[in-house]
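Please keep the viewer open while you read, and turn the structure as you go.

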Amino acid sequence: MPIQRIDCAEGNTVLAAGRTIGAVKGPPITISCECGRTRLVPYGESWECEECGRRWNTRQIPQADYEGLLRRIRRYRLEILGLAFLALAVFIPLIVFVNQSFVFLAAILAFAWMFLYMPFWRRRVRRAAREAPSWNLRPE
Ligand SMILES: [Zn+2]
């Protein structure tokens, strides 16, 4: 899932792909060096390019900006979890206590979820990633 685009000082565009590892860590930021190397760097850490020795520090990205990005990602995740929970909360009692044939309706809805809602959701996440801020980093 592409998360972040960062432009380094000379205007090199960087694509950052990332997934959250644990609850606290955010998506790593991909820094592309002027010499063409790229590296995934967790926010808060710096990276010294093996090729040319330039140092890139992700702390140059304002923390508020990075937290804004985290909040947006979290919101999309919560939406999925909330909807999944709601569907379970509705269908499990219906199937268990009302009528087992609700299983078929649940299956149809699960199908619609997979093939209609998820592509829509992914499109929105991708759009959010494209609109994510990009920053100019200076080598240290
Ligand atoms: Zn380099």
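How many residues lie between S3 and S4 in their hairpin, and which residue in the turn has a positive phi? S3 and S4 form a hairpin with five residues between them, and Gly36 in the turn has a positive phi of about 105 degrees.

Before going further, a word on the model. It is a predicted model, in which local features need pLDDT of at least 70 and side-chain atom pairs count only at pLDDT 80 or more, while totals for chains, interfaces and linings use all residues. Residues are numbered from 1 along each chain as its sequence is written.

**The overall layout**

The protein has two helices and seven strands; helices (H or I, at least four residues) and strands (E, at least two) are DSSP runs, numbered from the N terminus. Read from the N terminus on, the elements run β-β-β-β-β-β-α-α-β. Of the 140 residues, 16% count as buried. Here a residue is buried if 20 or more other C-beta atoms lie within 10 Å of its own, exposed if 12 or fewer, and partly exposed in between, with C-beta atoms placed from the backbone. Among contacts with a separation of 6 or more, 37% come from residues 24 or more positions apart; two residues are in contact if their C-beta atoms, placed from the backbone, lie within 7 Å.

**The hairpin**

Ile29 has Val41 in S4 as its bridge partner.

Helix H1 covers residues 63-98. Its 36 residues should span 52 Å at 1.5 Å a residue, and its end C-alpha atoms are 51 Å apart, which agrees. The expected span is 1.5 Å times one less than the number of residues. Helix H2 (residues 102-130) has 29 residues and reaches 40 Å from its first C-alpha to its last, close to the 42 Å expected. H2 also has a kink of about 35 degrees, centred on Trp113; the bend at a residue is the angle between axes fitted to the seven residues ending there and the seven starting there.

Are these helices buried or in the open? Of the 36 residues of H1, three are buried, so H1 lies largely in the open. Those three are Tyr66, Leu69 and Ile73. In H2, one of the 29 residues is buried, so H2 too lies largely in the open.

The axes of H1 and H2 come within 12 Å and cross at roughly 175 degrees. That makes H1 roughly antiparallel to H2, a term for angles over 145 degrees. These axes are lines fitted to C-alpha atoms over the stretch in contact, and angles run from 0 to 180 degrees between N-to-C directions. On the H1 side, the residues that meet H2 include Tyr76, Ile80, Phe91 and Leu94; their counterparts in H2 include Phe102, Leu109, Trp121 and Val125.

The table lists some residue pairs by C-alpha distance.

| Pair | Apart along the chain | C-alpha distance |
|---|---|---|
| Tyr117 and Ile80 | 37 residues | 9.8 Å |
| Ile73 and Ala129 | 56 residues | 9.0 Å |
| Arg77 and Val125 | 48 residues | 9.7 Å |
| Pro62 and Trp135 | 73 residues | 9.2 Å |

The surroundings of these residues are worth a look in the viewer. Ile73, in H1, is buried, with 21 other C-beta atoms within 10 Å. Arg77 also lies in H1, but is exposed, with 12 other C-beta atoms within 10 Å. Tyr117 belongs to H2 and is partly exposed, with 13 other C-beta atoms within 10 Å. Pro62 sits in the loop between strand S6 (55-57) and H1, and counts as exposed with 11 C-beta neighbours inside 10 Å.

Methods: Two strands pair if DSSP finds at least two bridges between them. Angles under 35 degrees count as roughly parallel, over 145 as roughly antiparallel, 65 to 115 as roughly perpendicular and the rest as oblique.
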